[in-house]
Amino acid sequence: MAANTDSRTAELRRLIRKAKRWDALFGVLGILSLMVGVLTLAALFTGMAIDGVPRLTGDFFTSFPSRRAANAGILSAWVGSILVMLVTAFFAVPVGIYGGIYLEEYARKNWITTVIEINISNLAGVPSIVYGLLALGLFVYTFGLGQSILSAGLTLALLILPIVIVTTREALRAIPRHVREGAYACGASQWQVVHDHLIPYGMPGILTGVIIGMARAIGETAPIITIGALTFIAFLPPVPGMGEPAAGLFDWLFSPFTVMPIQIFNWTSRPDPAFHQNAAAASFVLVFMTLGMNALAIWLRFRMRKNISW
Amino acid sequence: MADPTLTGDARLAQLAQAKVRRKRREKVIEMVLLLAACVSVFTTVGIVYVLLRESLDFFSHVPLWDFLTDSQWTPLFSDAHFGITVLLSGTLTSSAVALCIAIPLGTIIAIYLSEFAGHKTRETLKPTLELLSGVPTIIYGYFALLFVTPLLQKIFPELPGFNVLSAGLVMGIMIIPYVSSLSEDAMRAVPMSLREGSYAMGATRFQTAVKVVVPAAVSGIASAYILGVSRAVGETMILAVAAGMQPNLTFNPMEPAATITSYIVQVALGDLPHGSVGYQTIFAAGLTLMVITLGFNLLGHWMRRRFREAY
């Protein structure tokens with residue numbers, strides 16, 4: 001009997017050891033899997049830095065693209081990117097925030113709301129290149145906006161709209177009910193509640209969404225290629241009031257343009273390795289921009305969590 | 001505006017008028033907000049309209065049957081063939097390679113972060129991992145073409161400079177955060193009582209994770225996979241840069257191939273006249289892409305609903 005118990009205990013111990021081994025094994029596997037991601041990121045950044053940083057001189061930022069790799073720069077690309085982002089923000093920020101406010105604060109439970117909600121979650125899954133086709137068919141040809149900064153900005157605005165709407169809703173949802181009830185009790189109308197209380201309190205969250213959306217938009221290549229942005233632009237969009245004859249206030253909106261990702265694409269697809277160095281340098285700048293924006297968003301979220309206690 | 005000298009009925013009438021004005025203003029504001037919310041619906045309508053309009057034109061030149069069954073894709077040649085299967089094979093192969101990376105790694109990472117890692121590890125590693133999805137895809141394309149391909153060529157010397165394998169691998173790594181974040185959220189939503197019950201029975205963390213938490217979170221994990229699939233199918237720039245853009249009916253990832261998305265890029269880079277059949281092909285290709293991703297999205301919704309466990 002005793003021998004039987006002993007062997008049974010030994011068997012159980014073996015079983016436990018085996019189970020624990022699996023546990024440890026999986027812990028190691030988890031770390032390894034994470035390392036695949038982290039090391040890829042590290043390889044990407046170091047590779048880019050080694051190839052690109054020597055090219056990051058002042059001239060690189062102030063020269064136009066050129067047929068000779070050593071003279072080529074990203075002036076038209078970064079100016080184009082910033083202008084396109086301005087247009088995108090101009091449309092996506094108000095429309096996205098108002099849309100989010102409507103869905104979170106005003107919408108009644110009816111079929112219109114359901115359609116809008118399903119629609120937004122589906123739009124978030126539409127590949128970005130399809131937005132490019134939409135813009136090509138609608139903005140460029142049907143509305144006659146041409147292959148311009150305006151078309152590109154509108155396209156990217158539509159692309160990031162779901163992101164802005166969803167984060168706006170989340171930010172509003174996090175504001176407790178008693179804030180609204182208190183304001184209503186003082187006789188505020190619904191818009192006064194939204195405008196004077198909910199928007200200010202939700203601002204950090206809303207801004208986070210806007211910044212994440214813009215970071216996404218600045219790196220998007222496919223939709224902008226699809227509307228037919230040029231890859232070789234050796235001039236800047238007209239500055240309002242400058243030039244001969246003087247450019248109108250909104251002429252730059254209709255100017256041909258290029259953006260950072262397209263410039264990188266153009267340089268990457270050339271066989272000459274000297275251009276690949278330019279691509280690395282431009283990628284470095286672009287990553288710096290997008291990750292900088294993402295870091296800002298993370299910091300904002302962190303601050304918001306720390307400072308607000310309801 | 002409120003004249004203090006008014007008293008009695010006059011004052012009441014004035015207040016009533018102010019109330020009406022305020023109500024009217026509120027109504028107008030609500031309408032404006034509704035309009036903003038509807039922009040997303042207009043976007044969808046616009047997408048469907050544009051894709052259908054150009055595709056219908058295209059299918060009046062090219063029979064649908066040929067589009068689906070032809071085994072050649074040569075829309076710009078004089079002997080034009082429009083077999084979407086050629087592009088589909090590229091899309092399928094590259095997505096398959098990507099998912100072979102993203103799904104196992106993403107799942108393991110999700111389980112690790114949700115069940116094994118301590119609070120500190122999770123809070124530092126998760127944002128780092130999410131940086132992966134913040135890097136613009138064109139930069140991954142550059143990375144695949146100029147870093148991963150030469151690396152792979154050391155292992156497989158006969159690998160061509162443009163190939164689906166390296167593009168797919170990099171795409172897989174890019175998709176990891178999409179899969180792992182959503183899966184992890186699903187696993188963390190599993191109530192603690194289930195885990196505690198399992199631990200109380202003497203299960204290890206691994207046993208609890210695999211036999212209790214994962215089955216309870218399966219609907220969320222499945223929809224994470226589906227999001228990964230639709231990301232892979234719609235990914236453009238990595239493939240356009242690193243996989244070459246020549247149409248190639250093959251399921252071998254060691255060869256170059258064009259996908260639906262990279263074909264659209266290729267045409268957009270050239271100078272096709274608006275309204276030509278060549279121009280319309282990209283809308284037909286886009287429609288195909290849209291149908292595929294929409295199918296996956298609907299499948300994801302359905303799975304979330306069908307297998308949702310309510311606690």
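**Figure 1. Chain B as a whole.** Chain B holds 12 helices and zero strands. Helices (H or I, at least four residues) and strands (E, at least two) are DSSP runs, numbered from the N terminus. The model is predicted: local features need pLDDT of at least 70, side-chain atom pairs count only at pLDDT 80 or more, and totals for chains, interfaces and linings use all residues. Residues are numbered from 1 along each chain as its sequence is written, while chains are lettered from A and ligands numbered from 1 in the order in which they are written.

From the N terminus on, the elements of chain B read α-α-α-α-α-α-α-α-α-α-α-α. Its radius of gyration is 27 Å, well over the 19 Å that the globule rule gives for 311 residues, so chain B is more spread out than a compact globule. That radius is taken over C-alpha atoms, and the globule rule is 2.2 Å times the number of residues to the power 0.38. The C-alpha trace of chain B spans about 95 × 70 × 35 Å along its principal axes. Buried residues make up 48% of the 311. A residue is buried if 20 or more other C-beta atoms lie within 10 Å of its own, exposed if 12 or fewer, and partly exposed in between; C-beta atoms are placed from the backbone.

**Figure 2. The two domains of chain B.** Domain 1 covers 8-61 and domain 2 covers 84-306. These bounds come from an automatic or database domain assignment. The domain centres, taken over C-alpha atoms, are 37 Å apart. Six residues of domain 1 are in contact with eight residues of domain 2. On the domain 1 side, these are two nonpolar, two polar and two charged residues. Contact means that the C-beta atoms of two residues, placed from the backbone, lie within 7 Å. Ala, Val, Leu, Ile, Met, Phe, Trp, Tyr, Cys and Pro count as nonpolar, Asp, Glu, Lys and Arg as charged, and the others, Gly among them, as polar.

**Figure 3. Where chain B meets chain A.** The contact takes 68 residues from chain B and 69 residues from chain A. Helix H1 (residues 8-61) of chain B gives the largest share of the chain B side, 20 residues. By class, the chain B side has 45 nonpolar, 18 polar and five charged residues.

Figure 4. H5(B) runs over residues 137-155. At 1.5 Å a residue, its 19 residues should span 27 Å; the end C-alpha atoms are 25 Å apart, which agrees. The expected span is 1.5 Å times one less than the number of residues. A kink of about 40 degrees is centred on Ala144(B). The bend at a residue is the angle between axes fitted to the seven residues ending there and the seven starting there. Buried residues of H5(B) include Tyr140(B), Phe143(B), Ala144(B) and Thr149(B).

**Figure 5. Val97(B) and its surroundings.** Val97(B) lies in helix H3 (residues 84-116) of chain B. It has 21 C-beta neighbours inside 10 Å and so counts as buried. Leaving out residues up to four places away in sequence, Val97(B) touches Val164(B), Leu165(B), Gly168(B), Leu169(B), Gly172(B) and Pro253(B).

**Figure 6. Thr114(A) in chain A.** Thr114(A) lies in helix H4 (residues 111-123) of chain A. It counts as exposed, with 11 C-beta neighbours inside 10 Å. The C-alpha atoms of Thr114(A) and Ser255(A) are separated by 39 Å.
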